[in-house]
Amino acid sequence: MSVAIKRRGLMLVLSSPSGAGKTTLSRRLLESDANVTISVSATTRPKRPGEVEGHDYLFVSDDEFRAMADAGGFLEHASVFGHRYGTPKQPVLEALTAGRDVLFDIDWQGTQQLRQQVREDVVTIFVLPPSRVELERRLHTRAQDSEEVVRRRMAKANDELSHWAEYDYIIVNENLARAHAQVETILEAERLKRSRQPGIPAFVETLMRGG
Ligand code: 5GP
């Protein structure tokens with residue numbers, strides 16, 4: 001029989017330069033771990049071919065974004081590549097309250113804001129590409145963005161890379177299966193932290209009483 005012990009959900013942040021494979025890694029983790037929910041961000045950037053409203057992002061206008069921000073509806077928000085991105089607060093709070101873990105695909109600016117607000121519940125991972133050449137190759141093979149967008153994202157890579165030391169864990173994504181296993185290992189260990197298992201005192205008491 002398995003024992004269900006109450007625990008608190010955590011917030012798992014994945015950041016990386018564009019093209020390091022973090023979106024693919026996120027999808028893998030969502031498929032392999034039924035307790036993880038992804039936070040769907042709002043953005044003012046145009047939808048890419050294949051992206052689905054409400055699944056990849058909530059695609060909103062500048063005015064809609066501003067209204068959400070003014071109403072305090074975001075946990076964090078930032079400008080990235082000239083567009084605005086933000087994490088809607090309500091779905092995250094609901095998932096955490098239900099004991100689920102929430103995955104965030106956000107940049108270093110959002111990570112800093114999140115950490116300031118909810119320090120003890122945030123676990124952060126920075127994903128590095130195995131090489132500069134590979135980073136560029138991945139941006140090109142994504143083929144959803146124009147040459148100009150790829151060029152701008154490569155130019156921004158150093159800016160994003162310079163924040164690696166602000167993260168709890170660093171993964172070099174050379175092999176997707178291995179990187180995925182590493183994310184799962186981190187998640188598993190973080191879930192086992194004493195502070196994230198508020199049900200343990202009562203459980204141990206029962207054990208001691210022989211119940
Ligand atoms: P993309 O346009 O390629 O989907 O995302 C560009 C960058 O914006 C990525 O680094 C992604 O992690 C980041 N991003 C996506 N959503 C959010 C968000 O809600 N907040 C912040 N701060 N960054 C985000």
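1. Serine 16 lies in the loop between strand 1 and helix 1; helices (H or I, at least four residues) and strands (E, at least two) are DSSP runs, numbered from the N terminus. Serine 16 counts as buried because its relative accessibility is 4%, with buried meaning under 20% relative accessible area, exposed over 50%, and partly exposed in between (1.4 Å probe, protein chains only).

2. A word on the model itself: it is predicted, so local features need pLDDT of at least 70 and side-chain atom pairs count only at pLDDT 80 or more, while totals for chains, interfaces and linings use all residues. Residues are numbered from 1 along each chain as its sequence is written, and side-chain values use heavy atoms, with hydrogens and water left out.

3. Which residues have the most contacts inside the largest nonpolar core? They are Leu12, Leu29, Ile125 and Val183, in a core of 21 residues; a nonpolar core is a set of buried Ala, Val, Leu, Ile, Met, Phe, Trp, Tyr and Cys residues joined through side-chain atoms within 4.5 Å. At least two residues of this core come from each of strand 1 (11-15), helix 1 (22-32), strand 8 (122-128), helix 5 (132-142), helix 6 (147-161) and helix 7 (176-191), and helix 7 gives the most, with four residues.

4. Valine 183, again leaving aside neighbours within four places in sequence, is in contact with Leu12, Leu25, Leu29, Ile125 and Ile171. A second, separate core has 14 residues, including Met11, Phe104, Ile106 and Trp108.

5. Phenylalanine 81 deserves a look in the loop between strand 5 (74-80) and strand 6 (83-88), where this residue has a positive phi of about 50° although it is not a glycine. Is phenylalanine 81 buried or exposed? Phenylalanine 81 is buried, because its relative accessible area is 14%.

6. Methionine 208 is found in helix 8 (residues 200-209) and counts as exposed, because its relative accessibility is 72%. Together with Val204 and Leu207, Met208 makes a nonpolar surface patch of about 320 Å².

Conventions. Patches are made of residues with over 30% relative accessible area and no salt bridge: like charges are joined within 9 Å, nonpolar side chains (Val, Leu, Ile, Met, Phe, Trp, Tyr) within 5 Å. Accessible areas come from the Shrake-Rupley method with a 1.4 Å probe; for residues, only the protein chains shown count as cover. A salt bridge is a side-chain nitrogen of Lys or Arg within 4 Å of a carboxyl oxygen of Asp or Glu. Contact means heavy atoms within 4.5 Å.
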